[in-house]
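Here is a short report on one structure.

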Amino acid sequence: MRNTESFPYRLYLVISEDDCAGRDILRVTEQAILGGADIVQLREKSADEGYLLDLSIRMKALCGLYGIPLIINDHAGLAAHMQAAGVHVGNEDASPVFLRSQEAFRNRIIGYSVEATEQVYSDKALAADYLGISPVFRSATKTNTLTEWGLEGIAQIRSLTDKPLVAIGNMQLHNVRQVLQAGADCIAVVSAICGAADPQRAAADLKNEISK
Ligand SMILES: Cc1ncc(COP(=O)(O)OP(=O)(O)O)c(N)n1
Ligand SMILES: Cc1ncsc1CCOP(=O)(O)O
Ligand SMILES: [Mg+2]
């Protein structure tokens, strides 16, 4: 049986200030939540430490108002320090095995990106709460990627693990149905929400498609 009880989320907003087309990141996040995003990841790749801490605290307060978990990308120390719901790490980041051994992460969500088949049944994947299928389709938002998994890749990963699977990479209204049918549990989105003229509407349309 798939283990989605520990990770019941279906629409995952991944966001940075740069993704918001000049709009306020907190406002875009709130609109996405109002539209149906049920988990949020702050993914700032180049913000300085002090600024990132301040922004994460404001994001956590906003998410807290709606009972939405905040995941911090890459920065495990920051996630623990500010008591975020969890951290997302890839293959260049802290290992999920190491993080899980730390008291601070025993009860926090750890997400891990899978970029190659052998990673799906690795110790890192076993230690994680969900696996990011990274990327499902090529995306202009993140270009330093390895495998474009496609629908066949999702089905292959599904056959190898019961971990909750988060599909990321060019997730759009027209492909989420097939992505879920192929075996993903959750859809993670940057540009289709953050770059939309109406982020709330875009999130609501995606959530509606996911919930069909
Ligand atoms: C949900 C989700 N899946 C995959 C990623 C990618 O993480 P990573 O491979 O560490 O790359 P960066 O995001 O750090 O550039 C993600 N962030 N979220
Ligand atoms: C962070 C990340 N990890 C794999 S693809 C990607 C970017 C997804 O962005 P978009 O939803 O705009 O394609
Ligand atoms: Mg990373």
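## Core and surroundings

The largest nonpolar core has 64 residues, and Tyr12, Ile133, Ala167, Ile187 and Val189 have the most contacts inside it. Such a core is a set of buried Ala, Val, Leu, Ile, Met, Phe, Trp, Tyr and Cys residues joined through C-beta atoms within 7 Å. Strand β1 (residues 11-15) gives the largest share of this core, five residues. The model is predicted: local features need pLDDT of at least 70, side-chain atom pairs count only at pLDDT 80 or more, and totals for chains, interfaces and linings use all residues. Residues are numbered from 1 along each chain as its sequence is written, while chains are lettered from A and ligands numbered from 1 in the order in which they are written.

Two residues are compared below; contact means C-beta atoms, placed from the backbone, within 7 Å.

| Residue | Contacts beyond four places in sequence |
|---|---|
| Tyr12 | Ile39, Gln41, Val166, Cys186, Ile187, Ala188, Val189 |
| Ile39 | Tyr9, Tyr12, Ile68, Pro69, Ile71 |

Ile39 lies in strand β2 (residues 39-42). Ile39 counts as buried because it has 26 C-beta neighbours inside 10 Å; the cut-off is 20 or more, with exposed at 12 or fewer and partly exposed in between. C-alpha to C-alpha, Ile39 and Leu70 are 6.4 Å apart, though 31 residues apart in sequence.

In helix α1 (residues 25-35), the buried residues include Ile25, Val28 and Ile33. Helices (H or I, at least four residues) and strands (E, at least two) are DSSP runs, numbered from the N terminus. The buried residues of α1 pack against β1, β2, α2 (49-65), α10 (191-194) and α11 (199-211). Just after α1, Gly36 has a positive phi of about 130 degrees.
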